[in-house]
Amino acid sequence: MLNAIVYALPFLTTGLFVTLIVSLLTVSLSLVLGGLLGLVLVYGPTPLRWLVRGFSDIVRGIPILVLIFFVYYALPVAGLNLQPFNAAVLALTVFKTAQVIENVRGAIGSIPRGQMDAAKAIGLTFPARLTYVIAPQAVRRFLPPWINGVTDAVKGSALVSLLGVSDLMHSIQQVIGRTYDALPLYVLGALFYFAINYTLSMLSRRLELRYSYIRE
Amino acid sequence: MAAPSPSAGSAPLLHLSGIEKSFGSVHVLRGVDLEVARGQVVTIIGPSGSGKTTLLRCVNFLESYDAGSILIDGKEVGYRDLARRRVRSERDLARIRAETGMVFQMFNLFPHLTAAENVMLGLRKVRGKSLREAREIASHWLGRVGLGDKLDRLPSQLSGGQQQRVGIARAVAMDPKILLLDEITSALDPELVGEVLDVVLALADEGMTMLVVTHEIAFAREVSTEIVFMSEGIIDTQGSPSALFEDGHGSDRFRSFLSRFETHRRR
C-alpha cells in the first residue's frame, strides 16, 4: 500500500495544484460578489433586493453537480461556450456566492438595530456607518459560517473532475486507471482533502479569536 | 443668566408642528405641536404606547414623519421638499443629525470600541478632529461623567450605569444644539439610576437644551422647565412642573396618570 502511494504522489501534485487554484478562485470571487450582493440584499432598494433574493434561493435549491453540468452543457445552447476549467470555476463561484450572500445577511441581521440608530445619531453617513460600526461587528459573525463554507467549496471542487478538469480527484482516478489499485489512492486523496480543510479550520479558529472583542 | 423668553423675534431652537406618524394602520402621532427654547429642558411623560419615543426619534429623523414639520434652528430636519415629502439626502441628514445628540434606552454603545473610542468616533469621522484632539475631548467628557479611569474599557467591561454615562459622553462630546434622552434609565438596575440622572442634572444646570422622555416622574419634576404629558399620540397636558405638580393643573387624564405613581409610592 505504501508503495502504491509513493508511486502515485508525483502524479497527484499537479492535480492538487489545480484543486487549490479552483478553490482559491471560487472562494475569492464569491467573497467579493457575495459580499456586494449581500449588502444589496440587506440595504438595497426593494426591486434589487428581490432579484438577489431570487438568485440566492434558486441557486441554493440546486445541487452543485446540476449547476456544473448546466453551465458546461446548457449554456452553449445560449451561445456561451466555456472551457471545462472556466465552466467549473463559474458554476462553483455562483454556488458559493449564494452562500456568501446568506452569510452576509445573517451576520448583519444579527447586529442589534440600535447600533445603526446610534451611528446615525452621531451624524455618520451611510458608508461611514458601514465601515466603522456595522462591518467590524459583522465580520466577526460572518467568519465562522463562511470558513465552514470554504471547506465546502474545497470539497465541492472535486466535482469538476466530472468535466474532465485534471484536479486532485481526476488525477487520483487516472492513477487508479493505470494501477487498478483503488484503496490506497482514495485513502491518499481523502488525506489530501482533509489536510487542506483541517488547515482551514485551524485558521478559522485563529481568526475568530482575533476578532472576538468580547473578552472574558 | 436669565431664561431665554420666547419672544416674537427669537425663534425656538426646536419647533414641531402638526407631526403625524403611522406604523401601518396604527396612528401613533396624531398632530403634535411643541417648542423647545434654548436652555430649556422639556420632558415628555405619558403611558407606554402614547408615542413619546416615536416623537423623540422623529426629531433626528430616526423615524420619518408623515405630516408636519420639525425645525431645528429654523431648518427643516427630514425633508428637502416638505410638500412632496422628499426626504433629504443621506449626506444632509447626517449633517443635521450631528447637531442633535441622542442617548438611548439600551445604551447602544459600539461593543467593538473602548469607552474613549465610542466618544471619539463622531469627533474623528464627523467633526474631523485629529486623533489627539478627539482623545482630549473624549477624556474630558468621560471625566465629567465620572469615568476618567475607564477610558480604555470595552462596554462589556462596564456596568449598565457606566455604559449609559459613556452614552451621554458620546452624545454631548459632539457639542450638539439639543440633547435627546430616550428613557435612558429604563434598562438600569434601580441602584444605578441615580448616577446617570445626576449627570443629566449637571448638564441641565449648565444650560444644555434637552428633550427628555422618561418614566421617572420625580426626576422630571426636578430637571424640567416644562413638562409635556402625551396620551394616544397627542399632547394632552403641558405646563411648568410647579403648575402641574403644585397647583394641580392639567387634564383629568393627566391627574389620574399621576395618581397611579402616587399610590404606587405609598405602598
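## Packing of helices H5 and H6 in chain A

Helix H5 (residues 113-121) and helix H6 (residues 126-156) of chain A pack with their axes 10 Å apart, at an angle of about 160 degrees. An angle over 145 degrees counts as roughly antiparallel, and H5(A) and H6(A) are therefore roughly antiparallel to each other. Their crossing is right-handed. This description, like the rest of the report, refers to a predicted model.

On the side of H5(A), the contact is made by A:Gln115, A:Met116, A:Ala119 and A:Lys120. H6(A) contributes A:Arg129, A:Val133, A:Ile134 and A:Gln137.

## Overall architecture of chain A

Chain A contains 8 helices and 0 strands. Read along the sequence, its pattern is accordingly written α-α-α-α-α-α-α-α. The C-alpha trace of chain A spans about 70 × 50 × 20 Å along its principal axes.

Of the 216 residues in chain A, 36% are buried. Among the contacts in chain A with a separation of 6 or more, 77% are accounted for by residues 24 or more positions apart.

A:Leu16 belongs to helix H1 of chain A, which covers residues 2-43. With 19 other C-beta atoms within 10 Å, A:Leu16 is partly exposed, because a residue counts as buried if 20 or more such atoms lie within that distance. Apart from its neighbours within four places in sequence, A:Leu16 is in contact with A:Leu168 and A:Phe192. The C-alpha atoms of A:Leu16 and A:His170 are 9.7 Å apart in space, and the two residues are 154 residues apart in sequence.

A:Tyr43 also lies in helix H1 of chain A. This residue has 14 C-beta neighbours inside 10 Å and counts as partly exposed. A:Tyr43 and A:Phe70 are 27 residues apart along the chain, and their C-alpha atoms are separated by 31 Å.

## The open sheet of chain B

In chain B, 6 strands form an open sheet with mixed pairing, in the order E8-E9-E10-E3-E11-E12. Strand E8 (100-103) and strand E12 (234-239) stand at the edges; each has a single partner strand, so one side of each is left without a neighbour in the sheet. On average, neighbouring strands of this sheet are turned by 20 degrees against each other, direction ignored.

Strands of a sheet pair through backbone hydrogen bonds, either parallel or antiparallel. In chain B, strand E11 (residues 226-231) and E12(B) run antiparallel and are joined by 5 bridges. Within this pair, B:Met230 has B:Ile235 of E12(B) as its bridge partner.

## Helix H1 of chain B

The buried residues of H1(B) are B:Lys52, B:Thr54, B:Leu55, B:Leu56, B:Arg57, B:Cys58 and B:Val59. Just after H1(B), B:Phe61 takes a positive phi of about 60 degrees.

## Positive phi values in loops of chain B

B:Asn108 is placed in the loop between E8 and H3 of chain B. Its phi is near 55 degrees, a positive value in a residue other than glycine. B:Asn108 is buried, with 25 other C-beta atoms within 10 Å.

B:Glu183 is found in the loop between strand E9 (178-182) and helix H6 (190-205) of chain B. Although B:Glu183 is not a glycine, this residue has a positive phi of about 45 degrees. B:Glu183 is partly exposed, with 19 other C-beta atoms within 10 Å.

## Contact between chains A and B

The contact between the chains takes 18 residues from chain A and 23 residues from chain B. On the side of chain B that touches chain A, the elements that give two or more residues are helix H2 (90-97) and helix H3 (115-125) of chain B. H2(B) provides the largest share of this side, 5 residues. The residues of the side of chain B that touches chain A divide into 12 nonpolar, 5 polar and 6 charged.

Conventions:
Residues are numbered from 1 along each chain as its sequence is written. Chains are lettered from A and ligands numbered from 1 in the order in which they are written. This is a predicted model: local features need pLDDT of at least 70, side-chain atom pairs count only at pLDDT 80 or more; totals for chains, interfaces and linings use all residues. Helices (H or I, at least four residues) and strands (E, at least two) are DSSP runs, numbered from the N terminus. A residue is buried if 20 or more other C-beta atoms lie within 10 Å of its own, exposed if 12 or fewer, and partly exposed in between; C-beta atoms are placed from the backbone. Two residues are in contact if their C-beta atoms, placed from the backbone, lie within 7 Å. Two strands pair if DSSP finds at least two bridges between them. Axes are lines fitted to C-alpha atoms, for helices over the stretch in contact, and angles run from 0 to 180 degrees between N-to-C directions. Ala, Val, Leu, Ile, Met, Phe, Trp, Tyr, Cys and Pro count as nonpolar, Asp, Glu, Lys and Arg as charged, and the others, Gly among them, as polar. Angles under 35 degrees count as roughly parallel, over 145 as roughly antiparallel, 65 to 115 as roughly perpendicular and the rest as oblique. A crossing is left-handed if the near helix is turned anticlockwise from the far one by less than a right angle, and right-handed if clockwise.
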